[in-house]
Amino acid sequence: MKISASDQRLLREIQRDSGLSLAQLAERCSMAQSTVWRRLQEFESAKLIRARVALLDPNQLDCKLSVLAAITLTDHSEKTVSGFASLIEGHPEIVECYATSGKADYQLKIRVADVEAYENFMTHTLLRNAIVREVHSSFVLKELKSTTELPL
């Protein structure tokens with residue numbers, strides 16, 4: 001899909017606030033409302049727009065502690081990898097998961113209330129699973145930047 005400069009403006013605006021009305025988007029992007037509506041439909045059909053969501057404040061919802069966990073699996077068999085995928089899907093505390101190069105097989109971002117909640121999650125979920133060999137955890141002390149916006 002070819003993305004024009006006006007499409008990029010529109011995508012930047014909906015990344016910043018997907019709750020804007022068609023009229024607001026049209027005004028901010030100097031486009032007709034009908035054009036904005038049509039382009040958004042095209043972007044959704046092409047799966048360029050994956051979802052429109054609300055970003056919640058984790059500090060107000062008992063998810064204040066952010067932990068980055070480096071996971072090493074016992075092996076890389078298809079059964080182990082699919083078992084790990086099932087493990088992460090079943091736990092809403094895991095908000096991001098990346099297969100990575102380097103020492104660890106995966107990097108997880110985990111959101112929990114506090115250190116005790118993480119210790120419980122790590123001990124009873126991650127380390128008790130036979131496919132997980134190692135977990136190396138880092139606690140986020142301060143979040144300097146967090147965005148969902150792609151650099152358009």
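Which residues in α1 and α2 meet? The views below, taken from a predicted model, begin with that contact.

**View 1. Contact residues of helices α1 and α2.** From α1, the residues Arg9, Leu10, Glu13 and Ile14 take part. Their partners in α2 are Leu25, Arg28 and Cys29. By class, the residues of this contact comprise four nonpolar and three charged, with no polar ones.

**View 2. Packing geometry of α1 against α2.** Two packed helices are described by the angle between their axes and the distance between the axes. Here α1 spans residues 5–16 and α2 spans residues 22–29. The angle is about 130 degrees, and the axes lie 10 Å apart. Angles over 145 degrees count as roughly antiparallel and those from 65 to 115 as roughly perpendicular; α1 and α2 are therefore oblique to each other. The crossing of α1 past α2 is right-handed.

**View 3. The open sheet of four strands.** Strand order is β2-β3-β1-β4, with antiparallel pairing. At the edges are β2 (94–99) and β4 (132–139), each of which pairs on one side only. From one strand to the next, the twist averages 20 degrees.

**View 4. Pairing of β2 with β3.** Strands of a sheet pair through backbone hydrogen bonds, either parallel or antiparallel. Strand β3 covers residues 106–112 and runs antiparallel to β2, to which five bridges join it. Within this pair, Ile110 in β3 stands opposite Ile94.

**View 5. Helix α5 across the sheet strands.** Residues 115–126 form α5, which lies across β1 (65–73), β2, β3 and β4. Relative to β4, α5 runs at about 170 degrees.

How values were computed: Residues are numbered from 1 along each chain as its sequence is written. This is a predicted model: local features need pLDDT of at least 70, side-chain atom pairs count only at pLDDT 80 or more; totals for chains, interfaces and linings use all residues. Side-chain values use heavy atoms; hydrogens and water are left out. Axes are lines fitted to C-alpha atoms, for helices over the stretch in contact, and angles run from 0 to 180 degrees between N-to-C directions. Helices (H or I, at least four residues) and strands (E, at least two) are DSSP runs, numbered from the N terminus. Angles under 35 degrees count as roughly parallel, over 145 as roughly antiparallel, 65 to 115 as roughly perpendicular and the rest as oblique. A crossing is left-handed if the near helix is turned anticlockwise from the far one by less than a right angle, and right-handed if clockwise. Contact means heavy atoms within 4.5 Å. Ala, Val, Leu, Ile, Met, Phe, Trp, Tyr, Cys and Pro count as nonpolar, Asp, Glu, Lys and Arg as charged, and the others, Gly among them, as polar. Two strands pair if DSSP finds at least two bridges between them.
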